Amino acid sequence: MLWLRLDQKATDQANWVDHTHQVIALLQETLTRSDDMLTGQRGFALTREKDFLQPYLTATNRMPDLIHSLRELVRENPGQEKRLEQLEGLIARHEEINQEHIEALTKGNPLTPDLPFRRAIRESLDGLHAVVGEMMAEENRLLAERREALHHSLPAGHPGEHHQRIGERGFCC
């Protein structure tokens, strides 16, 4: 019976480690998609060909799902929830800046000012990277904590305990 309880505790800890990896992956994708918005906008700005907007469109369509998934995963962490709210506003502003520039270019104004756009988009990306960086730092802190808890929850002789030791040293036996 003790073995079963210890095994369940190890499973729970492993699930938390996996949970943290999921949050980190979604945060990384959020940054990638933010960059994709800019890539699509810049491709269109250079060529005026709508095909170059595809990365922008893909990113703007994916962002709501990313935010929803992140919200589900961080719902029990008030600090991360607060940062996610901040991130959501920054993403909306980032999309708005890109969209405004695309619309100005679409209207055919060859003199659409580019410098104000570049400054605004740089500030936008800096803000996004800062908040995601804070969220990643928190997730990495949690990951270290959860890995340590997992290591201590594995009963001696448990196959996962052996794998844990291999991972720590980087080699076997």
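Predicted model: local features only at pLDDT ≥ 70, side-chain atom pairs only at ≥ 80, totals over all residues.
Local features require pLDDT of at least 70 and side-chain atom pairs pLDDT 80 or more, while totals for chains, interfaces and linings use all residues. Residues are numbered from 1 along each chain as its sequence is written, and side-chain values use heavy atoms, without hydrogens or water.

View 1. T60 belongs to helix 2, residues 54-74 (helices are DSSP runs of H or I with at least four residues, numbered from the N terminus). With a relative accessibility of 11%, T60 counts as buried (under 20% relative accessible area, with exposed over 50% and partly exposed in between; 1.4 Å probe, protein chains only). A polar atom of the T60 side chain lies 3.1 Å from the backbone oxygen of L57. Apart from neighbours within four places in sequence, T60 is in contact with M37 and E95 (heavy atoms within 4.5 Å).

**View 2. Packing of helix 3 and helix 4.** The axes of helix 3 (residues 78-106) and helix 4 (residues 115-153) come within 9 Å and cross at roughly 160 degrees (axes are lines fitted to C-alpha atoms over the stretch in contact, with angles from 0 to 180 degrees between N-to-C directions). Helix 3 is therefore roughly antiparallel to helix 4 (an angle over 145 degrees).

**View 3. R48 in the loop between helix 1 and helix 2.** R48 lies in the loop that links helix 1 (2-47) to helix 2. Phi of R48 is positive, near 60 degrees. Most residues other than glycine have a negative phi. At 37% relative accessibility, R48 counts as partly exposed.

Conventions:
Helix = DSSP H or I, 4+ residues; strand = E, 2+ residues; numbered from the N terminus. Polar contact = N/O pair within 3.5 Å; in protein donor to acceptor, adjacent residues only side chain to side chain. Parallel < 35°, antiparallel > 145°, perpendicular 65-115°, else oblique.
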